[in-house]
Amino acid sequence: MIKYTQYIFIGMFLIFAFNQCDNVNSEAPDEEPVIVELMTPMNNASEQALEVELKWKKIKGAKEYIAEVATDSELSDVVVDSTIEGTSFITPELSPNETFHWRVLPLDRGPNAEWSDAWSFTTGDSETTVVT
């Protein structure tokens, strides 16, 4: 009787273990996208200096970021493309009285890292100075 009980127990264990293997997902669980939150200049800001300081919130685990500035809303005409350590960047001198669009991508965050929303700002004339 004990032998049969042992066989039944072993059989039940094997069935349970086999069913648990079927429940394991071989793919990594979906993670939330990692997206930078832009801070300044505010979206649609105007009368910005020609050298604009871009700021964004830190993403845990990201040591570097890519900042892009473009003259079009699709960000295909990129005029600044820089890899930055930290959460701020001062652009090289931009054209006066022109609207620019910018976005940031966190690096070192794997495949879930995505570009931030694109924000825009307009520079002032060559005499414009913005105090932050």
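1. Trp102 and Trp119 are both buried in this predicted model. Their ring centres lie 6.3 Å apart with the planes at 90°, and the pair is therefore classed as edge-to-face. A search over the whole structure returns 3 aromatic pairs, and the pair of Trp102 and Trp119 is one of them. A pair of aromatic rings is described by the distance of the centres and the angle of the planes, and both values are given above for this pair.

2. Arg103 lies over the face of Trp115, at 4.0 Å from the ring centre.

3. As to the overall make-up, the protein has 1 helix and 10 strands, and read from the N terminus the elements follow the order α-β-β-β-β-β-β-β-β-β-β. Of the 132 residues in the protein, 32% are buried. The protein exposes about 9200 Å², and carbon and sulfur atoms supply 53% of that area. When contacts between residues at least 6 apart in sequence are considered, 63% of them join residues at least 24 apart.

4. Which strands form the open sheet, and in what order? The sheet is built from 5 strands, arranged as S3-S10-S8-S5-S6, and the pairing is mixed. S3 and S6 stand at the edges with a single partner strand each, so that one side of each is left without a neighbour in the sheet. On average, neighbouring strands of this sheet are turned by 25° against each other, with direction ignored.

5. Strand S5 (residues 64-70) pairs with S6 in the antiparallel sense over 7 bridges, and with S8, also in the antiparallel sense, over 6 bridges. On the S6 side, Glu68 stands opposite Asp81, and Val69 has Val80 as its bridge partner. On the S8 side, Tyr65 stands opposite Pro106. S5 is mostly covered, with 6 of its 7 residues buried.

6. Is Glu85 buried or exposed? Glu85 is placed in strand S6 (residues 78-85), and its relative accessibility of 65% is over the 50% cut-off, which is why Glu85 counts as exposed. Leaving aside the neighbours within four places in sequence, Glu85 is in contact with Lys63 and Glu64. The C-alpha atoms of Glu85 and Tyr65 are separated by 6.5 Å, although these two residues are 20 apart along the chain.

7. The loop between strand S2 (38-40) and strand S3 (45-48) contains Pro41, and the peptide bond leading from Thr40 to Pro41 is cis, with omega near 0°. Asn44 is found in the loop between S2 and S3 as well, and its phi is near 65°, a positive value in a residue other than glycine. With 58% relative accessibility, Asn44 counts as exposed, because the cut-off for that class is over 50%.

8. Where does Glu47 lie? Glu47 is in strand S3, and its phi is positive, at about 55°, although Glu47 is not a glycine. The relative accessibility of Glu47 is 47%, so this residue counts as partly exposed. The strand that holds Glu47 is S3, which stands at an edge of the sheet with a single partner strand.

Terms used: Residues are numbered from 1 along each chain as its sequence is written. This is a predicted model: local features need pLDDT of at least 70, side-chain atom pairs count only at pLDDT 80 or more; totals for chains, interfaces and linings use all residues. Side-chain values use heavy atoms; hydrogens and water are left out. Helices (H or I, at least four residues) and strands (E, at least two) are DSSP runs, numbered from the N terminus. Buried means under 20% relative accessible area, exposed over 50%, partly exposed in between (1.4 Å probe, protein chains only). Contact means heavy atoms within 4.5 Å. Accessible areas come from the Shrake-Rupley method with a 1.4 Å probe; for residues, only the protein chains shown count as cover. Two strands pair if DSSP finds at least two bridges between them. Axes are lines fitted to C-alpha atoms, for helices over the stretch in contact, and angles run from 0 to 180 degrees between N-to-C directions. Rings of Phe, Tyr and Trp (its six-membered ring) pair if their centres lie within 6.5 Å; planes under 30 degrees apart count as stacked, over 60 as edge-to-face and the rest as tilted. A charge sits over a ring if NZ of Lys or CZ of Arg is within 6 Å of the ring centre and within 35 degrees of the ring normal.
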